Amino acid sequence: QVQLVESGGGLVQPGGSLRLSCAASGSIVRANAMGWYRQAPGKQRELVAHMTSGGLTNYADSVKGRFTISRDNAKNTVYLQMNSLKPEDTAAYYCQILLLGMVYWGQGTQVTVSS
């Protein structure tokens with residue numbers, strides 16, 4: 001009953017930046033946790049960024065220092081700011097929100113880092 005709509009993906013050169021957005025159909029104020037995952041062809045889906053309800057964040061070692069997860073409660077939106085992008089960041093990115101004991105996923109947005 002909760003829809004998550006992702007946007008912001010695209011093609012970018014190495015070293016460039018993108019900001020992914022995940023807009024929820026309802027309030028995310030009471031979300032227990034939220035995060036961003038990515039999956040490259042032939043690879044397992046991996047967690048890249050996570051935020052608890054209290055605002056504590058964690059990042060995969062591969063993106064630490066380059067990616068930042070944030071939220072805007074007024075806009076019911078979760079963001080992933082991606083800087084200093086590398087070709088190995090190329091993947092489909094999915095947002096996830098845990099709310100009232102249920103897990104909700106965005107539809108995915110493709111990020112391609114290539115020169």
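I begin with a rule: two strands pair if DSSP finds at least two bridges between them. Strands (E, at least two residues) are DSSP runs, numbered from the N terminus.

**Entry: ground rules.** I am working on a predicted model, where local features need pLDDT of at least 70, side-chain atom pairs count only at pLDDT 80 or more, and totals for chains, interfaces and linings use all residues. Residues are numbered from 1 along each chain as its sequence is written, and side-chain values use heavy atoms, with hydrogens and water left out.

Entry: I looked up strand S7 (residues 67-72) and strand S8 (residues 77-82). They pair in the antiparallel sense over 6 bridges. I followed Thr68 across, and its bridge partner in S8 is Gln81.

**Entry: Asn76.** Where does Asn76 lie? I found Asn76 in the loop between S7 and S8. The side chain of Asn76 reaches the backbone nitrogen of Ile28 at 3.4 Å. I then listed contacts (heavy atoms within 4.5 Å). Leaving out residues up to four places away in sequence, Asn76 touches Cys22, Ala23, Ala24, Gly26, Ser27 and Ile28.

**Entry: the sheet.** I traced an open sheet of 4 strands, and the order is S1-S3-S8-S7. The pairing is antiparallel. Strand S1 (4-7) and S7 stand at the edges with a single partner strand each, so one side of each is left without a neighbour in the sheet. From one strand to the next, the twist averages 15 degrees. For that angle, axes are lines fitted to C-alpha atoms, and angles run from 0 to 180 degrees between N-to-C directions.

**Entry: the disulfide.** How many disulfides does the structure hold? I count 1 disulfide, meaning a pair of cysteine sulfur atoms within 2.5 Å. Cys22 and Cys95 form it, with their sulfur atoms 2.0 Å apart. The link of Cys22 and Cys95 is right-handed, with 60 degrees about the S-S bond. Cys22 lies in strand S3 (residues 18-24) and Cys95 in strand S9 (residues 91-99), so the pair ties together parts that are 73 residues apart in sequence. I also checked burial (buried is under 20% relative accessible area, exposed over 50%, partly exposed in between, with a 1.4 Å probe and protein chains only). Both Cys22 and Cys95 are buried.

**Entry: the core.** I turned to the largest nonpolar core, which has 29 residues. Such a core is a set of buried Ala, Val, Leu, Ile, Met, Phe, Trp, Tyr and Cys residues joined through side-chain atoms within 4.5 Å. Trp36, Ile69, Val78, Leu80, Met82, Tyr93 and Ile97 touch the most other members. S9 gives the most to this core, with 5 residues. Not counting residues up to four places away in sequence, its contacts include Leu18, Leu20, Phe67, Tyr93 and Val111.

Entry: Most residues other than glycine have a negative phi. I noted Ser84, which is not a glycine and has a positive phi of about 50 degrees. Ser84 sits in the loop between S8 and S9. Is Ser84 exposed, partly exposed or buried? Ser84 counts as partly exposed, at 41% relative accessibility. Leu100 is not a glycine either, and its positive phi is about 50 degrees. I place Leu100 in the loop between S9 and strand S10 (102-105). Leu100 is exposed, with a relative accessible area of 74%.

Technical notes:
A polar contact is a pair of N or O atoms within 3.5 Å; within protein, one must be able to donate a hydrogen and the other to accept it, and residues adjacent in sequence count only if both atoms are side-chain atoms.
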